[in-house]
Number of protein chains: 2
Amino acid sequence: MDLPLEGITVLEFSQYLSGPSAGLRLADLGARVIKIERPVHGEAGRKLSIKNLWVDDSSLLFHTINRNKESFAADLKNPDDLALVKQLIAKADVLIHNFRPGVMQKIGLDYDAASEINPGLVYAEITGYGKEGPWKEKPGQDLLMQSLTGLTFTTGNATNGPVPFGISIADILCGAQLVQGIIAALIRRSKKKTGALIEVSLMETLLDFQFELLTTYYNSQQQPLRSKTNSGHTLLGAPYGVYKAADGFIALAMMDIAVLAETVECAALQGFTTSQAFAQRDNIKSILADHLHKNTVKHWLQKLQERGLWAMEVLDWEKMTTHDAYRALQMEQVLHAAGKEIITTRCPIRINGQRLVSGKPAPKVGEHNEMLIREMNEVIVNKK
Amino acid sequence: MDLPLEGITVLEFSQYLSGPSAGLRLADLGARVIKIERPVHGEAGRKLSIKNLWVDDSSLLFHTINRNKESFAADLKNPDDLALVKQLIAKADVLIHNFRPGVMQKIGLDYDAASEINPGLVYAEITGYGKEGPWKEKPGQDLLMQSLTGLTFTTGNATNGPVPFGISIADILCGAQLVQGIIAALIRRSKKKTGALIEVSLMETLLDFQFELLTTYYNSQQQPLRSKTNSGHTLLGAPYGVYKAADGFIALAMMDIAVLAETVECAALQGFTTSQAFAQRDNIKSILADHLHKNTVKHWLQKLQERGLWAMEVLDWEKMTTHDAYRALQMEQVLHAAGKEIITTRCPIRINGQRLVSGKPAPKVGEHNEMLIREMNEVIVNKK
């Protein structure tokens, strides 16, 4: 299949997660993504390991995020290297970076400089907090961004204090926003031949992510309140949340309280109606929690699902990955790197029924310097 | 400014959050987005209110997600209406739907049928679980998807049981994936004149979201473990997490344990090193929690930030929205609907330094039927 971004070249001056996750998705969709890395050590993310899992000199985590990319090693303070990088910029369609404000300017590769080299370039940058404001020099780190934007008060129970999401939500969402901006700018370029500067910050990303909650707050001036127990969503009434059964947990989405009471045969819940689902949320949830822990997941799900109510089991990774529903998705793919087989996930987007996979592992630092320099020379020879 | 997707027309057969959030971002980026809704009541999301906040017949929530769109009311079971919708499809660039598998087929508007009307159409669909597998008929609802994919075990403390994210993470991320697939397909179409079927499911989206955790699980067969207290990220060692100070909370990202011990003058922590940050995580976090609650947020942040350590305060919405750093972003915009001013957030992407705002409120059901029918007739007249 022709992948949709075939023929597009992306230079990725990025480290850790937000920028590289944008590069990963562009690569998944068919772009040629070249990491520009400092010589020898490469980008800092190569040394970020989890559970001490390594593939080669670089961590499993790095390989996961940087599959299907090339690497060009360059010391941007060395004029010869910088000249080569500028040649790459002249031929590229997209440049991504997630340096702090000012870093690319100091190197002489800020948007103005880069678009002089290549006026059609789509130049995309991620910052923590934008380029103005009192926090612009602060570290743009995922947990800190969650904490600053109110996000930690959306999750957990009212008595828990702030509860961060256990996944790097700001980084991942910001990468996705950047990709949307980049590809949209490429569409405009195909019609109007104009480049673009695309900017996204982690902070604006997390504000956008909370647009329902923030709009509610702006227009009511009331802070969203978490429920006392069995939290689900600050703005939704009972029973929305997760409940403990005798042998596991079940999740209950939106449903009519009276129908629920009848379906699970909960006498204490009879008399409550859906119009009380928000005002009596803590009360209803607590009655329900006391009732549901008395029987098994299977028992409750059978009753609830027979009635057409929105309830499912809560699974951990082991239960999920051995379930037929998971297997049917064929979400796993194998990368071959340094003589090892790495199992990882694939791109979640399917095109014309095809799953987007790529067995190409992450590159070694500078693995593609020779090839890229040869390509540049060929272009020069062809021009002569 | 020319928005990048100007000239692109999107038909949105969607309800609630996932599909409409994709339509919203496409509209933010300049596309003309037309909601196709059943007459009178419109899409189901119009009646989904939070805190009983309404703008007109439709909820504040609906207005938040559907700003900057048009509405064409059509009864898809009525042949005359269906014929009009097919005329719209013939002229459109993109069609989005998030119906359950089979629904669009029954109406005669599945991908094969739609691409016969318009071979260049980019047809994009969201499902809960894909179109195969034992769960394909199950409700594709956000909390249920979080529960089924292991996500609820990433957040909160080890003793908490499963903790769902308090934001509709599957819906929002899935919308973003869909937009990436759609715009990429539009780029291919601009070169090769081919349409495309783009499919994303909520479940595949949440698996992709957990790609770091799942890759670790696939390759180690160990379930990620949350810390006993002060949770932050299952795969990261101490001190990563949120801590209670005397008068509020602070977030600590990755940092050297010995430097931290010295900086906050914590005698009990001396002797620990970063190499123990994961193995001794519960122990280090508990010592630190005992120590940090003894003094104020300001006290600790001054010490930590002076030393260059990655620490910030935890803010709620009130504190955040009154902070200069928030104001500098200018993240709010005003919509005028039904004689009211609605404050909401804007698109987080900036293009050539400009923030993308649009004061156009969500449409009433069928508000644009007359205009769209007139446009269709003009096209026919022009052709004659």
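Two residues are in contact if their C-beta atoms, placed from the backbone, lie within 7 Å. Keep that cut-off at hand for this tour of a predicted model.

**Stop 1: Tyr326(B).** Select Tyr326(B). By that cut-off, and not counting residues up to four places away in sequence, Tyr326(B) touches Met320(B) and Thr321(B). Tyr326(B) sits in helix H14 of chain B, residues 324-329. Is Tyr326(B) buried or exposed? Buried is the answer, because Tyr326(B) has 23 C-beta neighbours inside 10 Å, and 20 or more are needed.

**Stop 2: across to Leu26(B).** Draw a C-alpha to C-alpha distance from Tyr326(B) to Leu26(B): 25 Å in space, for residues 300 apart in sequence.

**Stop 3: H1(B) and H7(B).** Select residues 18-28 for H1 and 169-192 for H7, both in chain B. Their axes come within 8 Å and cross at roughly 50°. The two helices are therefore oblique to each other. Their crossing is right-handed. Now show the side chains.

**Stop 4: the core.** Which residues touch the most other members of the largest nonpolar core? Leu95 and Ile198, in chain A and in chain B, out of 236 residues. Centre on Leu95(B). Beyond four places in sequence, its contacts include Leu11(B), Phe13(B), Ile89(B) and Tyr123(B).

**Stop 5: chain A domains.** Colour domain 1 (9-209 + 373-383) and domain 2 (241-314) of chain A. Their C-alpha centres lie 45 Å apart.

Terms used:
Residues are numbered from 1 along each chain as its sequence is written. Chains are lettered from A and ligands numbered from 1 in the order in which they are written. This is a predicted model: local features need pLDDT of at least 70, side-chain atom pairs count only at pLDDT 80 or more; totals for chains, interfaces and linings use all residues. A nonpolar core is a set of buried Ala, Val, Leu, Ile, Met, Phe, Trp, Tyr and Cys residues joined through C-beta atoms within 7 Å. A residue is buried if 20 or more other C-beta atoms lie within 10 Å of its own, exposed if 12 or fewer, and partly exposed in between; C-beta atoms are placed from the backbone. Helices (H or I, at least four residues) and strands (E, at least two) are DSSP runs, numbered from the N terminus. Domain bounds come from an automatic or database domain assignment. Axes are lines fitted to C-alpha atoms, for helices over the stretch in contact, and angles run from 0 to 180 degrees between N-to-C directions. Angles under 35 degrees count as roughly parallel, over 145 as roughly antiparallel, 65 to 115 as roughly perpendicular and the rest as oblique. A crossing is left-handed if the near helix is turned anticlockwise from the far one by less than a right angle, and right-handed if clockwise.
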